[in-house]
Amino acid sequence: VTHSIPACIGSMTINSKQLDNESPVSIFAVNKCYVTVQDGTFFDGSGFAALVRDGYKVRSDVNITLEFRTTAVHGVLLGVSSAKVDAIGLEIVNGKVLFHVNNGAGRVTATYEPRGTNSLCDGKWHKLQANKSKHRISLIIDGNLVQTDNPYIQSTSADTNNPIYVGGYPADVKQNCLTSKSSFHGCLRNLVLTKGQQAELFDFSRAFDLRGVFPHSCPGAEH
């Protein structure tokens, strides 16, 4: 066995002496345990998950679905960006969800703003769907649809061949369709990117770079 166990371990004794796990000699990629755990991946607000090392091609059509839970009013959800201008980005800014797309001619944004006191940053799960179909973009949050006009109707393809960054991105990586640098603090689950009939569910434990991200367990209440 070469990989770590995704579990909580407590009250370990060796030769009837209890080990002190509060002050270990060294520690690596070990998080605290939670009394109640939900499905999902926990982002501690300091980093990101990097998926698809050899590059994701957004091109003309993509449909992104995910669920998020947060109490923070700012945070990057997802970005795929070329070194040029072509890119897509999903982020929470001032409690609103923004979906940005640049097919090469200019950035277009669909913005979902919760009505009244209905906060998206209430620590409850919310469903998000972002759709790019050629030059058309739309955003559905908890079943509420937002569409936006795109003046650049001739430009239909976001020509990317770059990693998918979730929850944030490294300082030296350009993200042309994100305005925030704040890493996401909260939980994400069920990230699916669909092109045509092909849907891909992304497992965060298979990310090629994980910083401040803890796959497969989301705290209900901290211990």
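This report walks through one predicted model, from its annotated domain to its spaces and a handful of residues.

## Ground rules

Residues are numbered from 1 along each chain as its sequence is written, and side-chain values use heavy atoms, with hydrogens and water left out. As the model is predicted, local features need pLDDT of at least 70 and side-chain atom pairs count only at pLDDT 80 or more, while totals for chains, interfaces and linings use all residues.

## The annotated span

Let's start with the record. An unreviewed UniProt entry places the feature "domain: Laminin G" at residues 38–218. UniProt positions are given here in the numbering of this model, feature names are shortened, and annotations may be inferred rather than shown by experiment.

The end C-alpha atoms of residues 38–218 lie 5 Å apart. In secondary structure, the span is 0% helix and 55% strand. Both are DSSP runs numbered from the N terminus: helices are H or I with at least four residues, and strands are E with at least two.

## Pocket and cavity

The largest pocket holds about 1600 Å³ of space. Its lining has 36 residues, and I5, A7, A29, V30 and N31 lie nearest the centre of the pocket. Strand 3 (34–38) and strand 16 (209–214) each give the lining at least two residues, and strand 16 has the largest share, with five. By class, the lining of the pocket has 19 nonpolar, 13 polar and four charged residues. Here Ala, Val, Leu, Ile, Met, Phe, Trp, Tyr, Cys and Pro count as nonpolar, Asp, Glu, Lys and Arg as charged, and the others, Gly among them, as polar.

The count of cavities of 30 Å³ or more comes to one. The largest cavity has a volume of about 50 Å³, and its lining includes V101, N102, N103, I137 and Y152. That lining divides into five nonpolar, five polar and no charged residues. For the method, a 1 Å grid is laid over the protein atoms alone: a cavity is a set of points where a 1.4 Å probe fits but cannot get out, a pocket is an open set with protein on both sides within 12 Å along at least five of seven lines, and lining residues have an atom within 4 Å of a point. Grid points are joined across faces, edges and corners, and a volume is the space filled by probe spheres set on the points.

T41 is found in strand 4 (residues 41–56). With 4% relative accessibility, T41 counts as buried; the classes are buried under 20% relative accessible area, exposed over 50% and partly exposed in between, with a 1.4 Å probe and protein chains only. Beyond its neighbours within four places in sequence, T41 is in contact (heavy atoms within 4.5 Å) with residues including G186, F204, V213 and H216.

The side chain of T41 also reaches the backbone nitrogen of H216 at 3.5 Å. This is a polar contact, meaning a pair of N or O atoms within 3.5 Å; within protein, one must be able to donate a hydrogen and the other to accept it, and residues adjacent in sequence count only if both atoms are side-chain atoms. H216 itself sits in the loop between strand 16 and strand 17 (218–222), and is partly exposed at 48% relative accessibility. Its phi is near 70 degrees, a positive value in a residue other than glycine.

D39 lies in the loop between strand 3 and strand 4. Its relative accessibility is 62%, so D39 counts as exposed. Not counting residues up to four places away in sequence, D39 touches W125, R189 and C218.

V166 lies in strand 13 (residues 162–166) and is buried at 2% relative accessibility. Setting aside residues up to four places away in sequence, V166 touches, among others, F43, F48, L77, L188, L191 and F204.

D86 is in the loop between strand 6 (75–81) and strand 7 (87–93), yet at 9% relative accessibility D86 is buried. The side chain of D86 reaches the backbone nitrogen of D159 at 2.8 Å.
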